[in-house]
Structures are given as structure tokens and as C-alpha cells.
Amino acid sequence: MDHSMPQGRPTGAALTRLAISATLHCLTGCAIGEVLGMVIGTALGWSDAQTIVLAVALAFVFGYAFTIGPVVRSGLALRAAIPVALAADTVSITVMEIVDNAVMLLVPGAMDAGLASWLFWGSLVFALAVAFIVTVPVNRWLIGRGKGHAVVHAYHGARHEWDQQRPAGEHGHGHPQH
């Protein structure tokens, strides 16, 4: 089954908007998992490594869930939706998690700060923002090649949005408009 986008892939500003949207989607799931993992690990007094492993695992769970849910609601079976989510989000989540956790480790005292500390929360917000900025061009590159988040667009109702971005005379299925 071919999950690639139509031949007339977006370019320029349309591609950048699509990459920002995909990255925000990814950031939502990653942030929920990351924050939950950091809070649990910090509250339990776990080591940095244990806390990061939990945060990354939960980021992947929530990130994939945020893709699988809408794909299943669009009518695709769960068994078929899982590989779509893996193809769509794995690179994006991986980049986001590497950057996010690296920033948390690089901010002095961030991982040791308590949950009531502005240093903890400020560092986490900063880390997620840096991860977003780094991941947008990655997603732009992937989507421009019909990979990454591009594979879910047929299931997210994005084909309609895609059609609206095409130049006059093109239709979503490659047929001229009448």
C-alpha cells in the first residue's frame, strides 16, 4: 500500500507550514510524555538516566497515540494504523527527544531541581522549544520527500487541505479541475 503524498508535493511556504503543523502535532504528544516522565522521575527521586528513559518511553507512547487515534477514527484498522504512525513519527519523535533531553542535561541543575523549582519547569519549556526549532527542518525535509508525517495526511483529512493548496487547474487526484 502506498502511503506517499500526491505527486504535486508542497514546496516553499506551504511545505514549511505543513512541517510546522506536523512538528506541533509531534510536540504535543512528546511534551505530554516528556513532562509526565520528568515529573514522575523527579518526584520519585530517580537518577537522571532512569528519569530520561521513562520520559522518552512516554513521549513515544503519547506521540504515537496522537497519530494512531485519528488514523483509526478515519477508518483504518488499528493493525494498519500502527505502521502508519511508526513511519510518520519515529524520526520526528527521536530527534525531538534527543534534543529535548540533551538540553535538560546541559542546563546546570535542571535535572536535580525539584518540581516546585522554576529552574526545572523553565528548563523543560526551554528544552521543548529548542527541540521544536530543531525538528521543524527535519520534518520539512521528510515531508518534502513524501516521508515522515506525510504518510498520515490521507488519514487526517489533509488531502482536502492539500487540494486547496494546489495551483489552479490541479485536483487532489492529479486530474484537471472542470
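Which residues does UniProt list for "transmembrane region"? Please go through the parts of the chain that they cover.

Author: A word on method comes first. This is a predicted model, in which local features need pLDDT of at least 70 and side-chain atom pairs count only at pLDDT 80 or more, while totals for chains, interfaces and linings use all residues. Residues are numbered from 1 along each chain as its sequence is written, and side-chain values use heavy atoms, with hydrogens and water left out.

Now the record. An unreviewed UniProt entry lists residues 20–46, 52–72, 84–106 and 118–138 for "transmembrane region". UniProt positions follow the numbering used here, feature names are shortened, and annotations may be inferred rather than shown by experiment.

The protein has five helices and zero strands. In sequence order the pattern reads α-α-α-α-α. Helices (H or I, at least four residues) and strands (E, at least two) are DSSP runs, numbered from the N terminus.

Take two of the listed spans. Residues 52–72 are 100% helix and 0% strand, with end C-alpha atoms 30 Å apart. Residues 118–138 are also 100% helix and 0% strand, and there too the end C-alpha atoms lie 30 Å apart.

Start at I20, in helix α1. I20 is partly exposed because its relative accessible area is 34%. The classes are: buried under 20% relative accessible area, exposed over 50%, partly exposed in between (1.4 Å probe, protein chains only). Setting aside neighbours within four places in sequence, I20 is in contact with F132 and V136. Contact means heavy atoms within 4.5 Å. I20 and F132 are 112 residues apart in sequence, yet 8.7 Å apart in space, C-alpha to C-alpha. Across the protein, 71% of the contacts with a separation of 6 or more join residues 24 or more positions apart.

Go on to T42, also in helix α1. T42 counts as buried because its relative accessible area is 19%. A polar atom of the T42 side chain lies 2.7 Å from the backbone oxygen of M38.

Next is L44, in the loop between α1 (12–43) and α2 (48–73). L44 is exposed because its relative accessible area is 54%.

V53 sits in helix α2. V53 counts as exposed because its relative accessibility is 58%. V53 and G37 are 16 residues apart in sequence and 8.2 Å apart in space, C-alpha to C-alpha.

N101 belongs to helix α3 (residues 78–106). N101 is buried because its relative accessibility is 5%. Leaving out neighbours within four places in sequence, N101 is in contact with E34, M38, I52 and V56.

Last, the totals. Of the 178 residues, 43% count as buried. The accessible surface comes to about 9200 Å², and 68% of that surface belongs to carbon and sulfur atoms. Accessible areas come from the Shrake-Rupley method with a 1.4 Å probe; for residues, only the protein chains shown count as cover.

Note on methods:
Polar contact = N/O pair within 3.5 Å; in protein donor to acceptor, adjacent residues only side chain to side chain.
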